[in-house]
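Please keep the sequence and the 3D view open while reading.

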Amino acid sequence: MKYILLIGDGMADNPVPALGNRTPLEAVEKPFIDSIAVKSQLGSVMNVPRDLPPGSDTAILSIFGCDPKVYFSGRSPLEAAGCDIKVAPGEISYRCNMVALEDSDAPFDEKRILSHSAGSIDGETSIALIKWLCAEPEFKAAMDACGVRIEPTPSFRHIAVQRGGSTEGLIADPPHDHLGEVIGPLVVRGSENAMALRKLMVIANEKLEHHPINEQRRAEGKLPANGIWIWAEGTAIALPDFRQRYGHYGSVISAVPLVHGIGVLCGLKKVEVEGATGEVDTNYPGKLQAAFDCLSSDDDFLCLHIEAPDEATHNGSLDEKMLALRQLDDLVAKPLVTWLEAQKMDFRLLMLSDHKTLMSTRGHDGDPVPWMLYDSRKPEGMGLPYTEANGLKGPFLPNGVALMDMLFEK
C-alpha cells in the first residue's frame with residue numbers, strides 16, 4: 001500500500017472578478033483531477049491556527065502532524081535544515097531573500113518592494129550576487145559587527161545565521177505579503193539587534209543597485225536583485241519522528257528548502273531534482289521520475305510538493321496561476337495516478353493546498369482550504385469536482401495535524 005501526499009502550494013484562492021467571481025480552481029479546466037475527485041472524499045481543513053501567520057511554514061508543519069503552536073519557532077530554521085545548513089544551539093537563523101526594490105533616488109525607507117524573489121532570479125545569478133556582496137568590504141564589516149554569516153543557496157532564498165544576537169522585540173514582515181508597498185514600516189525593526197540587521201539591508205541596496213549583473217538585468221527587461229530582505233527569524237528546532245509516530249517512512253520531493261527541511265527534521269528523505277525551480281518552468285518529468293523511483297522502493301509514503309501556483313500568485317500573474325493548475329492536472333496528477341494503476345499498486349492519495357494565496361493581495365491567507373482523499377481500493381465519493389466550495393460540503397478538520405492520521409487510516 002502506498003500513501004501519497006500531493007500539495008499544490010497556494011492553489012486555493014478566493015473568487016476572482018476576472019474569472020466571473022470564480023476561484024482559479026473553479027474556473028480552470030482540470031479534467032483528470034476532477035475525474036478522481038468525483039470518486040473521492042472531499043472536505044476542508046484549517047492548517048494555520050488563527051493566532052499564527054499564514055504561510056507554508058505553519059501550514060506544512062500542520063500537514064506533517066507537527067502542531068505549529070508547539071513546534072514553530074520561525075521559518076528560517078526549517079529552510080536551513082532543508083539546505084543542510086547547521087544552526088547551532090544559541091544561534092539565530094533568518095531567511096535572506098534577494099529582492100527587487102524600486103529604482104529610485106528616494107531614501108531607503110521610502111522605496112517600494114516590487115518582487116520578493118528579485119523577479120524569480122535564477123540560482124546561479126543569485127549565488128554570484130550574494131557571494132560578491134558578502135565579500136564587499138563595507139557589507140562584510142557590518143556582518144562581522146553583528147555576528148552574521150550568509151549561507152548561499154541556489155535560489156532567491158539564502159540563509160543568514162547569527163551568533164550572539166537576540167530575537168526579543170524583533171519584528172520582520174514577510175516580503176511576499178507586502179508587494180508594491182513602501183518598505184519603511186516593514187523592514188526588520190523593534191530592537192537594537194533589528195537595527196543592526198536593518199543596516200545590512202541598507203548597505204546591500206547601496207552596493208547592489210548598480211552592480212553589473214543588475215545593470216544587465218535591467219537592460220534585458222528583468223527586475224534587478226538590488227536588495228536583501230532579512231526575516232523569518234527562528235532558533236534550532238527538533239520535530240517528532242515521522243516513522244515512530246505513524247509507522248510509515250518515505251521521501252519528500254520539492255523545489256523548496258522549507259518543505260525539504262520539515263521532512264528532514266521529521267526523519268524523512270530529501271529528494272532533490274535537477275531543474276526543479278518552483279515555477280511553471282520546473283522540471284516536471286524529473287519530479288515524476290523521482291516519484292516513480294521512490295514508490296518503486298521500500299518507501300510507502302511520498303510527499304510531492306508543487307510550488308508553482310503559489311509563486312505565480314505572488315508574482316501577480318493570473319495566467320500563470322491557471323497554467324500552474326493545468327500543469328498540476330496534466331503533468332503531475334494524471335501521469336502519477338496512471339503509473340500507479342499500471343503498477344497495480346493500491347494507494348491512497350491526499351491532495352490539498354497548504355494555504356490560500358490570494359490573487360487580490362498576492363499574499364497568503366489562513367482560511368480553510370479544500371482537501372481530496374482518493375482510495376484506489378474503494379473509489380467512492382461525493383460526485384463533485386475539487387474546489388473550495390465543494391470542500392466546504394464535506395468534513396471540516398479544525399486542525400491540519402489530523403490529516404496524516406486520516407491518510408494512514410488511523
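What volume does the largest cavity have? The largest cavity has a volume of about 110 Å³, where a cavity is a set of points on a 1 Å grid over the protein atoms alone at which a 1.4 Å probe fits but cannot get out, and a volume is the space filled by probe spheres set on the points, joined across faces, edges and corners. This is a predicted model, in which local features need pLDDT of at least 70 and side-chain atom pairs count only at pLDDT 80 or more, while totals for chains, interfaces and linings use all residues. Residues are numbered from 1 along each chain as its sequence is written, and side-chain values use heavy atoms, with hydrogens and water left out.

The structure holds one cavity of 30 Å³ or more. Among the 18 residues that line the largest cavity, Arg 75, Arg 95, Glu 307, Asp 310 and Glu 311 lie nearest its centre, lining residues being those with an atom within 4 Å of a point. Strand S3 (91–101), H11 and helix H13 (308–314) each supply at least two residues of this lining, and H13 gives the most, with three residues.

Two pockets can be set beside each other; a pocket is an open set of points with protein on both sides within 12 Å along at least five of seven lines.

| Pocket | Volume | Lining | Nearest the centre |
|---|---|---|---|
| Largest | about 670 Å³ | 29 residues | Pro 154, Ser 155, Ala 255, Ala 276, Thr 277 |

In the second largest pocket, strand S7 (residues 227–235) gives the most to the lining, with three residues.

Helix H5 (residues 75–82) packs against helix H11 (residues 257–265) at an angle of about 80 degrees, their axes lying 6 Å apart. H5 is therefore roughly perpendicular to H11, a term that covers angles of 65 to 115 degrees. In this contact (heavy atoms within 4.5 Å), residues of H5 including Arg 75 and Leu 78 meet residues of H11, among them Pro 257 and Leu 258.

A search of the whole structure finds ten aromatic pairs, counted where ring centres lie within 6.5 Å. One of them joins Tyr 246 and Phe 408, tilted at 5.6 Å centre to centre with 45 degrees between the planes; planes under 30 degrees apart would count as stacked and those over 60 as edge-to-face. This pair links distant parts of the chain, with Tyr 246 in helix H10 (residues 242–246) and Phe 408 in the segment after helix H16 (403–407), 162 residues apart.

Conventions:
Axes are lines fitted to C-alpha atoms, for helices over the stretch in contact, and angles run from 0 to 180 degrees between N-to-C directions. Helices (H or I, at least four residues) and strands (E, at least two) are DSSP runs, numbered from the N terminus. Angles under 35 degrees count as roughly parallel, over 145 as roughly antiparallel, 65 to 115 as roughly perpendicular and the rest as oblique. Rings of Phe, Tyr and Trp (its six-membered ring) pair if their centres lie within 6.5 Å; planes under 30 degrees apart count as stacked, over 60 as edge-to-face and the rest as tilted.
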